[in-house]
Structure formats: structure tokens, C-alpha cells
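Please open the model in your viewer and keep the selection panel at hand. The tour below goes from one selection to the next and says what is to be found at each stop.

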Amino acid sequence: MSRSNLDIERYNIFRAIEFGFMLPSQEMQTVRHVLIDLLRETSHFMKQRGYWLEWLQTLERIAERNKVEDAQLQCKLFNQLGDLYRLTQQFPKAIKAHKKAETLARQSNDEVELGHIYFYLGMVHLRNREHKQAEDFGQKSLNIFSRHKPDRKEMAGVLNLLGLAARSRNDLETAESRLRRSINLRLRTNQPVDLARTLNNLAIVLQEQEKWKEALHYFAEAKQTLETTDSELDRVMVALSEGTLFFRMGQYVQARETFEKIDMPFLEQSGHLLYQALATNNLGAVFISLEQFDEAETCLRESIEYCRKIGDDLRLAKTLAALSEALTKQGNKQAALDTIDEANALLTKLPAGSEGERLYKDLVEQKEKVSKN
Amino acid sequence: MAHAQSGKRINLNTFGGLLRHYRHRCIDWERNSRLLSQERLGELIGQKLGISGYSGAAISDWERNKSHINKDERRVLLSLIEVMHTGGGIKSLDEANQLLLAGNYRDLNQAELQLIDKEWLNQKTAESNQYSYSTAEEQEALLPPATYTRLFGIEEKKAIICQHLLSSNPPYVVIITGIGGIGKSTIADTVARQLIQTRHFAQVIWLSTNTSNDQTSEANSSSTFANLVTKLGERLLPNTLERESVERQLFQVRRELKKRPNLIILDNLEGDISLHFWENLRRLTNPSKFLLTSRIYPPDTSDFYLLNLSELPLKSSIGLLRHQALIVGSTELSHLTDQNLTDIYNIVGGNPFALRLVAKLAIIYSLPQIQASLKRGQTGAIAQMYMDIYHEVWQTLQQTEKQLLQTMLLVGYTGALVEQLQIISKLDEDNFEQALHQLINYSLIEPRGNIYTQRYGIHSLTAQYLQNQKETSDMTFTESNLVNLKYWHEYLAIDS
């Protein structure tokens with residue numbers, strides 16, 4: 001049978017899994033492997049197609065009602081739930097769900113499952129800019145997978161996580177090396193979406209090292225790899241990264257074209273607030289460079305709304321800073337000053353020595369300039 | 001209607017039957033003969049037209065409905081009527097028009113009356129002076145009181161129905177189907193009120209029908225149709241048909257409906273309505289139109305427009321809940337967040353009847369109490385609601401139909417393909433098809449796909465009712481549940 005109709009069939013699959021978890025224990029035992037497979041495959045598909053919110057609500061309902069005594073099944077359920085919380089920026093909930101899974105895995109002495117849980121936890125911390133914890137959980141996961149008949153796919157996943165953790169502490173050489181190792185493993189598995197993600201990550205690290213040509217080469221490879229998949233979200237991800245590269249190279253028209261190709265209605269349906277915030281912010285920044293300030297203001301204001309929903313103060317402050325620039329260029333001095341004040345109020349809440357502190361200093365200078373003009 | 005004549009039965013509902021009936025009453029006044037033969041009738045028509053005339057065989061074909069007079073050959077028709085009127089076969093204007101009606105020809109107009117019989121013209125003028133249409137206000141006053149104060153989510157459907165009813169082309173019958181409480185009568189009511197104001201129809205007549213199930217299908221249909229004719233007669237021709245036979249009433253009513261466009265609304269057409277009813281109904285249409293509401297899909301009605309009402313979407317349901325809460329004074333409910341109201345929607349779906357009931361109950365009970373009660377469906381007004389909507393039809397379902405309906409709990413709101421349903425219901429092909437067909441007829445399962453891929457689903461409220469009906473230890477359902485999991489496992493081609 002084909003997977004081509006999965007978009008419309010997803011509600012039937014949700015129902016099947018929901019009612020599957022309600023089966024009497026005896027019958028449940030006969031289909032537990034079926035349920036575990038369905039949970040995994042459905043999660044994979046829903047994440048690719050951006051149906052996170054619907055899938056999350058279904059899993060929450062199952063978890064709330066769940067009276068299943070099968071620890072392994074429960075563990076899988078909580079891990080999937082945690083991963084969806086991470087994707088929807090609900091980090092405390094994500095950690096809580098993975099911790100529940102950890103308790104269940106320890107009870108049943110399932111070390112391989114613990115390796116998975118540490119990987120998930122590393123991803124949550126990475127996304128929450130907790131770089132040290134991300135590295136620690138990544139290493140714990142790597143140790144377990146190395147001991148237990150290393151699986152290429154799992155090892156590749158952990159190396160990708162560790163590469164990103166290295167990048168986040170600006171250790172770009174280590175990041176590049178880890179990501180290249182991950183790609184080598186991924187090339188030997190049939191996981192095009194995962195391969196494309198790591199290619200995209202490597203291209204970003206190369207871009208940060210100003211290896212523009214190489215970066216463009218890996219973005220092109222990532223796009224080509226995605227051509228055979230139906231993962232729209234990953235296509236958005238590559239477009240965001242590639243557009244940023246064009247921007248940094250000063251190729252603003254190409255940057256604008258790349259960002260404008262992003263399927264915004266799809267992103268809205270997926271509920272992926274971060275990508276919506278990034279797409280609109282990046283386009284706003286390009287418009288400033290193209291001196292189209294009205295368009296820039298519209299995009300940046302939209303991005304600000306997404307940032308507010310996410311609750312990410314640093315990202316919000318950055319976008320407010322960009323908006324103040326657009327307002328200044330439009331001659332709207334007072335509005336620009338108010339915007340800088342709002343951004344600075346957010347930045348003062350962030351820890352010392354962080355990226356937020358540097359931005360704060362920049363904004364204080366910017367405010368002085370605007371006031372003088 | 002049939003007459004015994006010379007040992008043969010004549011069908012007086014057809015043009016040919018009536019023609020023969022009238023000819024048998026005719027004398028040949030020129031030859032002083034008590035019988036007007038087919039040959040002679042053809043000859044006399046020819047004389048009137050100034051041509052050589054028609055053969056006896058041609059007249060015979062008309063009488064056996066083997067051939068008919070073309071509508072464009074109006075002069076032939078007029079000559080035929082004139083000859084038969086002179087010979088005493090057609091005694092009145094009514095009889096002349098009855099013959100025309102049976103052949104789907106229009107009534108005689110004033111010029112034609114003048115030509116055939118001036119007395120008929122005077123009679124018609126007197127009738128017209130006697131007749132006066134009801135005003136819009138009078139017609140509206142005869143509608144049942146509206147049960148709503150504001151409408152939610154039905155504008156598009158209402159527009160479609162009005163468009164079909166206002167068109168002078170087919171469809172002449174529009175049928176709104178759907179489960180109880182879904183808003184069929186509400187749409188019909190609002191359509192009626194709007195169309196009364198347009199003055200497009202001579203009259204907009206609302207008839208509530210009640211049929212009982214204790215009669216056989218044929219008898220039931222006949223009596224339903226006879227009741228319809230009587231009720232229509234009372235409204236279209238007040239005080240004139242009281243002592244008339246059903247056949248006579250039918251003729252007059254049909255004539256009235258054919259004469260000018262009327263809109264007849266038959267609300268709540270229930271019970272086992274056979275093909276016979278629909279055939280008879282069809283004869284009353286054009287230019288008049290019919291709007292019907294029913295829980296049951298009609299049988300073979302390829303020339304009718306069917307509109308199956310689905311649940312209201314979330315936004316409209318929330319709007320209705322808030323509005324209704326304000327109307328009944330349940331202010332706390334009206335101020336609940338969209339998320340809280342969505343929780344209610346997730347249980348009852350977009351069934352307006354159920355949503356209104358929730359608003360009413362919120363005055364007395366807490367929201368968690370109402371939600372729990374909706375899920376259990378065992379007590380008070382909520383149990384009564386389930387009873388009103390589902391109980392009667394549930395009792396009439398066969399075991400296989402119940403089995404398939406229970407299976408629908410495993411189906412999401414976009415509906416399932418036939419292939420999935422048949423596999424998970426565990427019914428053989430014949431039983432499955434029969435059960436599916438019947439459940440669609442009862443509006444318990446609704447088609448949700450498109451012309452290329454048909455899918456089937458149930459309303460949220462139906463799912464809730466089924467959930468209440470279902471025994472947790474129900475082995476048949478458990479088996480379907482297991483088969484369903486394996487179905488999707490296979491569908492995703494998972495290599496374990």
C-alpha cells in the first residue's frame with residue numbers, strides 16, 4: 001500500500017493508535033510491537049509534514065488516559081511526547097516527559113532506551129541554548145550506543161547533536177569534524193531526511209567559517225537529497241539557511257528570492273512558530289538591506305508576534321533591534337527609540353556574558369545615534 | 001385512477017386514457033351517431049384545421065400513448081378540444097385543462113378560450129377575480145414559529161438552496177437530509193422566510209409531515225401522499241375541496257401548482273417512503289418547487305437536489321454556544337475561553353440541538369458535570385437528547401448495521417475508505433454493502449469524500465452515543481480494534 005494519502009489518513013491513524021492503547025491487557029500483548037512501530041513511524045511522518053500540534057494533542061490524550069502496564073510502550077510514548085514538546089518550544093514539559101521515560105527505562109534496565117532518552121534530552125538542551133547540558137547528554141548517549149552494537153543511524157544522530165553543541169560554543173572545527181563523521185554514517189543508511197539535515201548543519205558551520213563556496217555546495221546537496229522526500233519542513237529549514245548565506249555574502253536579491261519561496265501557509269498549519277519567526281525576520285532584514293523599509297517593517301512586526309508567542313526574549317530583542325533600524329530609516333524616530341527601549345528591557349533580564357549582553361551594548365549605542373539625529 | 005369501459009381499463013392519468021374516455025362520451029353530431037369513431041375524430045380535426053385530416057390509426061396511437069402531439073402543434077390540440085367539446089365529450093373548462101395537464105401541455109389561455117367557448121372565458125375571469133394571493137405577512141404568519149434567533153454557519157448552504165429554488169429550471173425538488181438536531185428545519189425555515197419576501201412564488205406553504213411506521217410501505221406512502229394532497233388543497237384552494245374525492249383534489253391541486261410557481265416545504269418527512277410517493281410528488285412539480293427535510297435519504301431520486309447537512313464547524317459552533325448562552329442567561333458560559341468551548345465541541349461536535357441544550361444546562365450544572373453527563377449520556381435532558389436523536393433508529397438497526405456503526409468509532413473525522421471499513425468491520429461484502437447503504441439512508445454515516453474518492457464518517461455526537469452504547473468488553477469491537485491496528489501497520493509498510 002502507498003503512503004501517498006497519509007495526509008488525509010492521519011486522523012484514522014491517530015484513532016487507531018488511541019484505541020490501540022485502550023485495548024485490554026491480554027489483547028494489547030498480541031499487538032504491542034505493532035503499536036510501537038506505529039508510534040515511531042507516525043511520529044516520523046507527522047514531524048516531517050508539520051502536523052505536530054495535532055499529533056501532540058493525540059499523544060497528550062493517550063498519556064492522560066494511559067493505564068498501560070507495559071513499561072517499554074509507555075517509555076516510547078513519553079519520548080515521542082517529549083520530542084514534540086521540544087519541537088513546539090515547550091522545554092520544561094519536554095524534559096519532564098523524557099525524565100518519566102528515563103525512570104521507566106531504568107526500572108526495566110533498558111540501557112539502549114536510555115541512550116535514546118539522553119539523545120532526546122541533549123536535543124532539548126541544545127534548542128534551549130543550554131550548551132553544556134547538550135554536550136553532556138550527547139556524550140552519555142554516544143557512550144551507550146558505542147557499547148551496544150553501534151547502530152549507524154543512532155550514532156549519526158548523536159554525532160549531529162554533538163556537532164551542533166560544538167557549534168553553539170563556537171568551536172567550529174570540532175563541529176565540522178563531528179558533522180562530517182555524522183554525514184559519513186548517514187550516507188550508508190537510507191535516511192535522506194536526516195542526511196539532508198546534517199548536510200544543512202555542516203553548510204551552516206562552513207558558512208560561519210566563511211567557506212562560502214563549500215557551504216553553497218552542501219546546501220545544494222541538502223536540497224537535492226530532499227527532492228525525493230515529502231518533508232516540507234526540511235525544505236523550509238534549508239531555504240532559511242541558504243537565504244542567510246546569500247545575505248551574508250551581500251547577494252540580497254537572491255536572499256530575498258530564497259526567503260520568499262518559503263511556504264508560509266504550510267508553516268502556519270504546522271504551528272512551527274520558530275520557523276515562522278525566522279522566515280519573517282530574515283525577510284525583514286533583507287528588505288532593510290534593499291532599502292525597502294515599509295516592507296521590512298511589515299515583516300519584522302509579524303516576526304515579533306511569533307517571537308512573543310514562543311517566549312524567546314533574545315530572539316525577540318534581536319528582531320526589535322532590526323525593527324528600530326527600519327523605523328529610523330523611515331524617519332520614525334520616536335517609534336524607533338521606543339522599540340530600542342523595549343528590546344533593552346528584555347535584554348537586561350538575560351544572564352551576564354551572554355549574546356544578549358553584547359546586543360544590549362550595541363543597542364545603547366544605536367539609541368544614542370538615533371537621539372542625536 | 002382507472003375506469004372500466006367496454007371491458008378494458010382506462011388510465012385517466014394519461015393523455016391517451018383521458019382522450020379515449022372523452023371520445024367515448026362524444027356523439028357525432030353531424031351524422032346523428034351515438035359514437036364518435038377514431039376515424040371520424042381525425043376527420044373532424046382535419047376540417048377544423050383546413051387539412052385532409054388525421055387517420056384513425058393516428059388517433060389510436062394518441063389514445064394508446066404510442067405517439068403524442070407536439071407542443072408546437074397547439075392548433076391541433078385546440079381543434080381536438082373544440083371537436084370533443086362540441087360533441088359533448090369534454091364538458092367543462094376543467095376537463096379540457098385536465099386533458100392538457102395529463103399531456104404536460106399548458107392550460108388554455110384567454111384567446112384560446114374565446115375561440116373554443118366564450119362561456120369558459122367568462123368562467124375563468126370570474127374565478128380569477130375571486131382568487132387573491134396571501135400577502136407576504138400572511139404567508140409568514142402561517143409558518144411555524146422560528147426556533148432560532150441567529151444563524152451560524154449555514155449561509156452558504158442557504159444560498160445554494162435559494163438559488164436552486166428560484167431557478168425556473170430543474171431541480172424542482174430539493175431535499176435536506178441529516179441526523180436529528182442538525183438544523184434541517186432551521187435552514188428550511190430561513191429559506192422560506194427569505195423566499196416569501198422575494199414574491200417569486202405565488203405562495204410559500206409550510207407543511208409539517210408526520211408519518212407512522214406501523215403501516216406497510218406502500219400503504220404508508222399512499223396515505224402520506226393523500227395527506228399531502230389534502231393539506232395542499234386546504235392551503236391552495238381553501239373551502240373548495242372539502243367534499244371532493246382524493247382524485248379530484250389531486251387534479252385541482254396539481255392544476256393549481258402547474259398554473260403558477262408555488263413553493264411547498266415538507267418538513268420532517270419521516271418513515272418508510274416508497275418510490276410511489278416520489279413518483280407522485282414529481283407530478284406536482286414544474287413550475288412549482290418542493291423543499292423537503294428528512295433524516296432519511298430518499299430512494300432513486302436522480303433528478304432531485306440532495307443536500308446532506310454536516311455538523312457546524314468549530315468557529316460557528318462556538319459562536320452558537322456563546323449566543324445561546326447569552327439568550328438563556330448563562331453568562332458564565334458565554335464568557336468561557338475558546339479553548340473551554342472547544343472542549344465542549346470535541347464531545348458534542350457541531351450539532352446545533354446539542355449545543356443549545358448545553359447552553360441551557362449550563363445555568364444549572366457546572367461544565368465538568370455537563371461534560372461527564374454528555375460522555376455517559378445516562379440521565380436527564382442529555383439522555384433525552386440522545387433518545388430523541390438516536391434511540392428510535394438504533395432500535396431498528398440490524399446486527400450487521402450496528403456492528404459497522406460501532407466500527408466507525410475507529411474512524412477519524414475525514415472519514416474512511418470503503419476498503420478500510422470493510423476490513424475492520426469484519427463483514428462480508430454483501431452484508432457490508434447493505435449495512436453501509438442503510439446507515440447512509442438513516443444519515444448515521446455520511447459520505448465525506450469527493451467524486452474521485454468516497455470516504456465515510458460519523459458526526460461527533462453519533463460517536464459519543466456509540467461510545468455510550470459500547471460495552472467495554474465488547475469482543476466484536478475489540479477484534480475490529482486489533483484488525484484496524486494491523487491494517488495501518490500494513491498500510492505504512494512497516495518492516496518490524
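Select A:D171 to begin; in this predicted model the residue is partly exposed, with a relative accessible area of 27%.

Next, select A:R308 together with A:E342, whose closest N and O atoms lie 2.9 Å apart in another salt bridge. This pair links distant parts of the chain, since A:R308 belongs to helix 16 (residues 293–310) of chain A and A:E342 to helix 18 (residues 333–347) of chain A, 34 residues apart. A:R308 has a relative accessible area of 40% and is partly exposed, and A:E342, at 31% relative accessibility, also counts as partly exposed.

Now move to helix 2 (residues 25–49) of chain A, which holds both A:R40 and A:D37, three residues apart, or about one turn of the helix. Their closest N and O atoms are 3.4 Å apart, and the two form a salt bridge. Are the two partners buried or partly exposed? A:R40 counts as partly exposed, at 37% relative accessibility, whereas A:D37, at 7%, falls under the 20% cut-off and so counts as buried.

For a stop in the other chain, select B:D28, B:E30, B:R31, B:R40 and B:E43, which are linked in a network of salt bridges. Over all chains, the structure holds 54 salt bridges.

In soluble globular proteins, nonpolar side chains tend to be buried together.

Keep A:I17 selected and display its surroundings: leaving aside neighbours within four places in sequence, its contacts include A:L35, A:L38, A:L39 and A:T42. A:W55, A:I62 and B:L485 are also in contact with A:I17.

Finally, select the whole of chain A, which has 19 helices and zero strands. Buried residues make up 54% of its 373 residues, and its accessible surface comes to about 17,100 Å², of which 48% belongs to carbon and sulfur atoms. Among the contacts in chain A with a separation of 6 or more, 60% are between residues 24 or more positions apart.

Key: Residues are numbered from 1 along each chain as its sequence is written. Chains are lettered from A and ligands numbered from 1 in the order in which they are written. This is a predicted model: local features need pLDDT of at least 70, side-chain atom pairs count only at pLDDT 80 or more; totals for chains, interfaces and linings use all residues. Side-chain values use heavy atoms; hydrogens and water are left out. Helices (H or I, at least four residues) and strands (E, at least two) are DSSP runs, numbered from the N terminus. Buried means under 20% relative accessible area, exposed over 50%, partly exposed in between (1.4 Å probe, protein chains only). Contact means heavy atoms within 4.5 Å. Accessible areas come from the Shrake-Rupley method with a 1.4 Å probe; for residues, only the protein chains shown count as cover. A salt bridge is a side-chain nitrogen of Lys or Arg within 4 Å of a carboxyl oxygen of Asp or Glu.
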